[in-house]
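Please look over the sequence and the model below before reading on.

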Amino acid sequence: MMISLVLLLPILLGLLSYITKNKVVNRIALLGTPLVNILVASAYWFNYQWDWAPGWLSEYFRVDSIGLYFFSVMTIVFSSVAIYSLSYFKQHNFSLKQESVYIFEILLFVMAMTGVIMATHLALLWVFVEATTLTSALLIYFEKKKSSLEAAWKYVYICSIGITLAFVGIILLSIASRSIDSLFFTDLYKRASEINPFWLKIAFAFIFVGLGTKIGIAPFHAWLPDAHSEAPSPVSALLSGTLLNTAFLGIFRVQEIFVFADLESFSNFLFLGTGFLSLMVCSVFILRLKNYKRMLAYSSIENMGLLFIALSLGKTGIFIVLLQVLAHSLSKTSLFLTSGNILYLYKSKKIDDVSCLLKKDPRTGWLWIISMLAIIGMPPFPVFLSKFLIVKALWTQGLTWLTIPFFLFLVIITYGMSRAVFNMAFGDKENLTHNKLTYTAYLPQIVLLIILLVIGINLPREMLNFINSIAGLIN
Amino acid sequence: MTDILIILLGTTMLYVFAVSRIEAYVKTLAFQGVLLFLLVIIDIKQIYWFNIAFLGIETLAIKAIIIPYFLLKVIRKNEIVREVEPFITQFYSLLIGVLIFIFGFIAAFWASKTNTGIKPLYFGTSLVLIIASLFLIVNRKKIITHILCYLMLENGIFLLSLSVANEMPMLVNIGVLLDFFVGVYLFAIFFNKIHEMYDGGHIDVLTELKD
């Protein structure tokens with residue numbers, strides 16, 4: 001029942017707001033859906049289950065512990081985006097019709113991501129990943145500018161080809177596992193040793209390319225900076241904070257087959273290579289970026305690279321992955337939402353056009369600086385912890401030499417990002433347009449940063465146990 | 001009979017390598033749709049009749065009639081006649097096409113030895129269709145050609161999924177879904193928008209966003 005609620009309610013409310021185009025309905029749809037998601041997530045956290053569902057539904061959708069974790073992260077990000085959207089509407093003076101379209105698309109997008117997280121069947125997961133592309137493409141083109149059309153086209157085209165290749169991978173996997181004759185993850189895990197290893201590896205290569213395109217891992221990242229910089233800021237936050245994670249969960253679930261078939265050295269090698277390549281791509285580009293939203297997009301590539309490196313480290317890696325997913329999503333959401341404020345205040349995405357932010361709007365300025373500190377991994381923010389644990393794991397697993405490029409890339413990225421952010425925050429060029437922002441333009445980021453600080457300073461014991469139990473379950 | 005159909009399907013790809021008129025691409029696409037329709041009704045026996053009926057209607061109606069008709073309309077409305085000079089000339093791309101064929105079939109015969117019940121002809125042709133369309137996408141410049149080659153890529157994948165149709169009919173149906181949504185719904189919308197905004201659907205105009 002709870003699963004059907006989170007899957008069907010967004011569609012219903014979205015349709016309702018699309019049809020009625022009424023202000024009250026719009027607000028209820030936009031703020032009600034995250035509220036329901038929060039309620040459902042907390043019900044699962046407190047082990048309250050209301051298990052009434054039609055049989056076919058509970059067979060194809062299930063909330064396991066890792067799914068619950070990703071769903072909770074998504075819910076936090078989506079709630080902040082929903083609140084920020086109120087300010088976004090006000091900044092642009094959208095008509096009720098445009099608001100309804102926006103809400104309709106964003107709710108469908110969230111529904112598709114929920115489907116990815118809860119799917120228990122590989123092909124179903126694929127269908128929902130495809131659905132995320134279709135729904136989010138329209139959101140990227142929401143402001144109807146020439147450049148956003150270009151970004152949306154590149155996004156749709158590149159991701160469609162990627163996802164098509166992932167489908168080839170699924171077909172090859174079903175060839176490899178003829179004796180199992182099922183694509184449910186549980187069946188695949190249980191009988192992983194029966195799968196023909198040669199075909200499993202080929203199938204994985206295709207699925208990796210397909211979902212990797214969606215994650216935006218280098219070298220399949222071409223669409224990511226364009227889409228993230230051209231989308232409306234709340235949508236960028238949603239793309240970076242949740243879409244990348246959900247696609248990552250897809251890879252994660254497929255990779256489990258390798259763990260059960262004792263072939264993880266193959267997938268780990270791929271993860272380690274692409275992870276470091278992503279760090280490199282980010283560090284090469286970050287020094288010459290002129291556009292601050294693109295800078296954030298490249299930082300997403302970097303963080304996905306960190307996730308892949310952590311995933312390749314085996315058992316200890318799972319803990320780092322889960323911590324990093326949470327830390328990256330929250331800090332990146334905060335950054336993208338704040339970048340929406342800056343875009344509104346200065347009407348420009350160029351780093352050079354923005355200066356003296358702290359004087360012009362101190363709250364935005366401080367949010368911008370603190371969020372940047374959170375993403376580059378200043379202690380006590382949790383990104384620091386995950387980076388530290390990666391280095392420690394590399395060290396203990398005899399990959400000490402890899403810490404040298406790791407530190408090198410991280411130093412360059414940290415320098416590049418902080419240089420841009422400080423140039424924007426300080427300076428003396430006065431620029432006298434006075435746009436006022438409402439409190440909904442600050443509130444979500446403040447809450448996100450407080451959550452991050454609490455986790456970073458003192459990780460709640462329940463959460464630690466929960467993450468450990470997931471890590472234990474999987475290995 | 002199925003062998004002949006599959007070989008014909010492969011040959012259409014070589015034809016695409018050689019031509020540059022956009023309408024010829026669309027007609028090839030429609031022809032591929034008809035061939036896939038015949039393959040579905042001849043070759044698949046072990047699944048429910050309504051599944052076959054669904055696939056048959058899908059291949060004939062959507063792949064062979066609706067999508068090509070729609071694309072032809074777009075092409076005539078926008079007066080796109082032929083592909084501009086591709087990055088690699090016609091002759092060399094035909095040569096590369098032949099190489100792709102050789103590679104595809106060697107790979108398929110080699111793979112059929114791994115004892116997974118792969119039919120080399122099916123597998124090889126679908127591999128050729130997939131790789132060749134990817135090559136064409138990289139090599140051609142018009143956005144409409146990109147869409148057409150993407151649809152050919154889908155045909156290749158459809159053929160591949162037919163080889164597991166008897167065990168997992170669901171996979172084939174999902175492939176159909178992809179076709180429908182991506183092919184018609186989104187590409188058509190975005191293509192028309194790009195044509196309106198940029199005046200001439202040519203990928204060289206899409207260079208505003210870069211680092």
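How many residues of chain B are in contact with chain A, and how many residues of chain A do they meet? In this predicted model, 44 residues of chain B are in contact with 47 residues of chain A. The size of an interface is often given as the accessible area lost when the parts come together. Here the area buried between chain B and chain A is about 4200 Å², and carbon and sulfur atoms give 76% of that area. Within the part that chain B buries against chain A, Phe190(B), Leu209(B) and Asp211(B) supply 19%, which is more than any other three residues.

As for specific pairings, the count of salt bridges between chain B and chain A is 0, while 3 residue pairs, both members at pLDDT 80 or more, are found in polar contact across the interface. The side of chain B that touches chain A draws at least two residues from each of helix H4 (90-112), helix H5 (120-139), helix H6 (143-162) and helix H7 (169-198) of chain B. H7(B) provides the largest share of that side, with 15 residues. Sorted by class, the side of chain B that touches chain A holds 30 nonpolar, 8 polar and 6 charged residues.

Leaving aside residues up to four places away in sequence, Tyr69(A) touches Leu322(A), Leu323(A), Leu326(A), Met463(A), Phe466(A), Ile467(A) and Ile470(A).

The side chains of Glu230(A) and Ser147(A) are joined by a polar contact of 2.9 Å. The C-alpha atoms of Glu230(A) and Tyr141(A) are separated by 8.0 Å, although these two residues lie 89 residues apart along the chain.

Ser4(A), finally, is found in helix H1 of chain A, which spans residues 2-20. Ser4(A) counts as buried because its relative accessibility is 13%, and, with residues up to four places away in sequence not counted, Ser4(A) touches Leu9(A) and Leu57(A).

Note on methods
Residues numbered from 1 in each chain as written. Chains lettered and ligands numbered in written order. Predicted model: local features only at pLDDT ≥ 70, side-chain atom pairs only at ≥ 80, totals over all residues. Heavy atoms only, no water. Contact = heavy atoms within 4.5 Å. Buried area = accessible area lost by both parts, 1.4 Å probe. Salt bridge = Lys/Arg side-chain N within 4 Å of Asp/Glu carboxyl O. Polar contact = N/O pair within 3.5 Å; in protein donor to acceptor, adjacent residues only side chain to side chain. Helix = DSSP H or I, 4+ residues; strand = E, 2+ residues; numbered from the N terminus. Nonpolar A, V, L, I, M, F, W, Y, C, P; charged D, E, K, R; others polar. Buried < 20%, exposed > 50% of the residue type's maximum accessible area, 1.4 Å probe, protein only.
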